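Opening the notebook on this one. I want to look at the contact between the chains first, then at the aromatic rings.

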Amino acid sequence: MPRFHARVLISLRPSVLDPAGEAARSAANRLGVEGISKLRIGKVVDLELEADDEAEARKQLELLSDRLFANPVIEDWSLELQSVATTTA
Amino acid sequence: MSIGVVVFPGSNCDRDVRWAAQGCLDIPTRFLWHESRDLNGLDAVVLPGGFSYGDYLRCGAIARFAPVLESLVEFVARGGRVLGICNGFQVLTELGLLPGALTRNRSLHFICEDALLTVESNRTPWLKGHQRKDALTLPIAHGEGRYQCSDQTLCQLQDDDAIALRYVNNPNGSVADIAGITNKTGNVLGLMPHPERACDPVIGGVDGRGLLQSLLG
């Protein structure tokens, strides 16, 4: 069965305050890096899965992202998906 | 008449709830392991505070899939009373039994202190013994208690008279100072403060007694 590699990127929705991002931005200023107008901290879920085809893989990943990895009330997510070359024995 | 207290791996207020309910208030109490589906004979269920499943991913995100909660959803639909305290409140929002979500405190600090609250609604059994604007002091202890919801959800909460408790000095940045909400029906209450830690005068107050008594009242 084809294998796929996916990365789901999860971030707080723009309307939700990200105090950890604000703290990191303030540390960046103390490091001497000026001019950062936005710094938001999110999460990445890195996974591999098997599926019949890319459409099926995408469907599974959308379910996972919507129902488990992210909480749509406060978070947005985006998906990177690629197939993994399978070697035959 | 008896209540159940759900025990997830990582719960740490389950015993406190039993101590308060059974020890202080004489309410027969039994623990419900997270893998159990048996809620038979219970009049109310408490989801206690703690760090269910390590709070991996998000607070309450993994607990939401616990077998015991499948039974709990049916229990709520039948009108059973459910009280979610702290992590229990987070689980109820993840489960969709209450709207909104709880995320990291505005200050980033874990806050452990007494919080002054006002009763915003006495519509439901949980606070029917109070007048609106009554003051309560209950301990809070959380790092992720900032209640968040859309403007539309906030309007709905107000229309449904579902905001149960507000903070007087909003400690965590919650929308509209919200400390606790109910569902529209009124049989589910979620709150960040810990009523079970305010049931004995020896440890600093008894303002939590009414909320626990209303599990059966």
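Predicted model: local features only at pLDDT ≥ 70, side-chain atom pairs only at ≥ 80, totals over all residues.

Next I looked up which elements of chain A take part. Helix H1 (19-30) and helix H2 (54-69) of chain A are the ones that give two or more residues to the side touching chain B. That side divides into 11 nonpolar, one polar and three charged residues.

I then checked salt bridges between chain A and chain B and found one. It joins the side chains of Glu75(A) and Arg58(B), at 3.7 Å from N to O.

On to area. Chain A and chain B bury about 1300 Å² between them, and carbon and sulfur atoms give 60% of that. Pro19(A), Arg67(A) and Leu68(A) supply 35% of what chain A buries against chain B, more than any other three residues.

Last, the rings. My search of the whole structure turned up two aromatic pairs over all chains. Phe8(B) and Tyr53(B) have ring centres 6.0 Å apart and planes at 50°, so I logged the pair as tilted. These two residues sit 45 residues apart, each in a loop of chain B. Phe8(B) is buried, at 2% relative accessible area.

Phe89(B) and Tyr147(B) are stacked, with 6.1 Å centre to centre and 10° between the planes. Phe89(B) is in helix H3 and Tyr147(B) in strand S8 of chain B, so the pair ties together parts 58 residues apart in sequence. I noted Phe89(B) as buried at 0%, and Tyr147(B) counts as buried at 0% relative accessibility.

How values were computed
Residues numbered from 1 in each chain as written. Chains lettered and ligands numbered in written order. Heavy atoms only, no water. Phe/Tyr/Trp six-rings, centres within 6.5 Å; stacked < 30°, edge-to-face > 60°. Helix = DSSP H or I, 4+ residues; strand = E, 2+ residues; numbered from the N terminus. Buried < 20%, exposed > 50% of the residue type's maximum accessible area, 1.4 Å probe, protein only. Buried area = accessible area lost by both parts, 1.4 Å probe. Salt bridge = Lys/Arg side-chain N within 4 Å of Asp/Glu carboxyl O. Nonpolar A, V, L, I, M, F, W, Y, C, P; charged D, E, K, R; others polar.
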